Amino acid sequence: MNSPHAAALAALLGDSARVLTNPATVEQLSRDFYWYSPVLRRQLDGKVGDLVIQPTSAAEVQAILRYCHAHDVPVTARGAGTGNYGQAVPLHRGVVLDLARMDRIEQITPDGVAVCEPGLRLGALENEARKVGWELRCYPSTIIKASVGGFLGGGSGGIGSVAHGNLRDYQTVRALEVVTMEPEPRIVLHEGEAVHDILHAWGTNGIVTRIWLALAPAVEWAQCAVAFDTFDAAFDFSEAVAKDTAWTKRLVTPFEWPIPSFLTPVLQYAPHGKALIFFLIAENQCAKLEAAARAQGGEVTYSGKYLGLRTRPLLSDYTWNHTTLWAMRCDEAYTYLQCAFDPDRVRDQMRKLKDRFGNEILFHMEFWKAGDGRMIPGAIPVVYYTTEERLNEMICYCREIGVFVANPHVNNVEGGGRYRPDNVQLLAKERYDPKGLLNPGKMVTFKPREFAR
Ligand code: FAD
């Protein structure tokens, strides 16, 4: 970016300290965790913005977008940069809009709705909510670092989804305000079903500046690790706990061996050669869960009260997409997929994948409750990467046998498999960003020139 933009934007904010142009800083704030994917690594290495700007209010976001619209400058929103698909990596340079300083909690209402700004870290919200008897319904394993806005923009679900569904289910996101990319940027309220216009659109159709997020009543949790001789036995027990509504749970994560051997800080809970399950379970049900596990042939290798996000061991640090990170630390050739198995055919689907790919695919399951109430055996399997062709063969085969794959090796909203068939996200982009300046290149069905005509 040439200096006139930097100087003009600094003048707009009246604060040059919030316009960052140091190349190392700009590079750092242009990256996310796309390097999880060997495919995206090749595509996205070296992509950077021209400068980073840090607004502190929706009015400042409006002023920045007004300027960028007038000067045709691309804008890529950034929360904490923990996304996995290069969602926050600017493909066409321009401004990185770092929302970390918009991190206020306006209120937590008596009926459990947090009203907050997008840069607020999920961990900070969880801690504040628990003080008044509430907690997050679901959160990614990156909770300490990830922002609420980034979770809405690019995340899906996580710890808690086994009980409360994913972020887009059960009206967890009650409402949001979004700033548009127009000659005169507006602040538009999306409520109810209309939140889906913006959710998981990767910041391509508006900048979220205010969020109403429904919480759940806080529970006293315990953590528990159980080993089984076989993955089949671990899966059976996990599925039974996940499905039975009598259990109050936040996490049910079975791993196939050798995945437990990758979780180096908690190896003492992972007997050699065995499958392992990590649970977050209501403290008052923990002893009962342990007894049930033993009755099914399980060995309880760890059990203790959950004492908060900064305490150790924190079993959630090894679940959801943290599992992949631990695998990659052991061998860089590991990568991952994001799958949803069919609850009625899951055992047959897993067997077919094993028959065809052997230990190229290692099962790491994460249960979540779907919007229709069914318990989905989701999975973030660890995959041994050899070539892109082989990876695509695995994805195709999954789909052939009825396993849904949200492909984490593509860098656009549609390819990731979470695009809405009713096109509401695209329609919002046409309304709110007709020039296509918001995170350009990430919503590939949007055609700025055609639309302009
Ligand atoms: P960013 O990466 O900064 O942004 C994500 C997307 O949202 C980008 O496209 C960005 O442009 C857009 N965006 C950011 N702020 C705004 C805004 N205010 N308005 C509009 N768009 C915006 N994800 C899960 O869902 N579940 C998991 O369990 C999970 N585990 C993970 C584990 C690891 C180790 C890693 C590296 C990632 C994991 N992720 C997971 C992905 C990621 O952590 C989450 O999606 C997280 O919520 C992203 O938050 P962020 O603040 O880092 O967002």
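Tutor: Contact here means heavy atoms within 4.5 Å. By that criterion Gln285 touches Ala246, Trp247 and Thr248, not counting residues up to four places away in sequence. Gln285 itself is found in the loop between S13 and H10. Keep in mind that this is a predicted model.

Student: Why is Gln285 called buried?

Tutor: Buried means under 20% relative accessible area. Gln285 has a relative accessible area of 15%, so the label buried applies.

Student: What makes the buried residues of H10 line one face of the helix?

Tutor: Helix H10 spans residues 286-295, and Cys286, Leu289, Glu290 and Ala293 are buried in it. Seen down the axis of H10, these buried residues fall within an arc of 100°, so they line one face. As background, residues three or four places apart in an α-helix point the same way because there are 3.6 residues a turn.

Student: Which exposed residues does the face of H10 turned away from its buried side carry?

Tutor: That face carries Ala287, Lys288 and Ala295.

Student: What covers the buried residues of H10?

Tutor: The cover includes strand S11 (221-228), helix H8 (231-243), strand S13 (275-282) and strand S14 (299-305). As for what comes after the helix, H10 is followed by Gly297, with a positive phi near 95°.

Student: Which residue other than glycine has a phi near 55°?

Tutor: That is Asp72, and the value is positive. Asp72 lies in the loop between helix H4 (58-70) and strand S3 (75-78).

Student: Why is Asp72 called partly exposed?

Tutor: Buried is under 20% and exposed is over 50%, with partly exposed in between. Asp72 has a relative accessible area of 47%, so it belongs to the class in between.

Student: What is the phi of Trp320, and is Trp320 buried or exposed?

Tutor: Trp320 has a positive phi of about 45° although it is not a glycine. Its place is in the loop between S14 and H11. At 11% relative accessibility, Trp320 is under the 20% limit and therefore counts as buried.

Student: Where in the chain is Pro313, and which residue does a cis peptide bond join to it?

Tutor: Pro313 lies in the loop between S14 and helix H11 (322-330). The cis bond joins Arg312 to Pro313, with omega about -5°. Another cis peptide bond runs from Trp257 to Pro258, with omega near 15°. Pro258 is found in the loop between strand S12 (249-255) and helix H9 (259-262).

Student: How do you know that the radius of gyration agrees with that of a compact globule?

Tutor: The rule is 2.2 Å times the number of residues to the power 0.38. With 453 residues, it gives a radius near 22 Å; the chain has 22 Å, so the two agree. The C-alpha atoms fill a box of roughly 70 × 50 × 40 Å along the principal axes.

Student: What are the totals for the chain in helices, strands and buried residues?

Tutor: The chain has 15 helices and 21 strands. Buried residues make up 61% of the 453 residues. Among contacts with a separation of 6 or more, 72% are between residues 24 or more positions apart.

Student: How far apart are the mean positions of the positive and negative charges?

Tutor: They are 1 Å apart, for 48 positive and 51 negative charges. The accessible surface comes to about 17500 Å², of which 51% belongs to carbon and sulfur atoms.

Methods:
Residues are numbered from 1 along each chain as its sequence is written. This is a predicted model: local features need pLDDT of at least 70, side-chain atom pairs count only at pLDDT 80 or more; totals for chains, interfaces and linings use all residues. Side-chain values use heavy atoms; hydrogens and water are left out. Helices (H or I, at least four residues) and strands (E, at least two) are DSSP runs, numbered from the N terminus. Buried means under 20% relative accessible area, exposed over 50%, partly exposed in between (1.4 Å probe, protein chains only). Accessible areas come from the Shrake-Rupley method with a 1.4 Å probe; for residues, only the protein chains shown count as cover. Lys and Arg count as positive and Asp and Glu as negative; His and the chain ends are not counted. The place of a charge is taken as NZ of Lys, CZ of Arg, CG of Asp or CD of Glu. The arc is that of the directions from the helix axis to the C-beta atoms.
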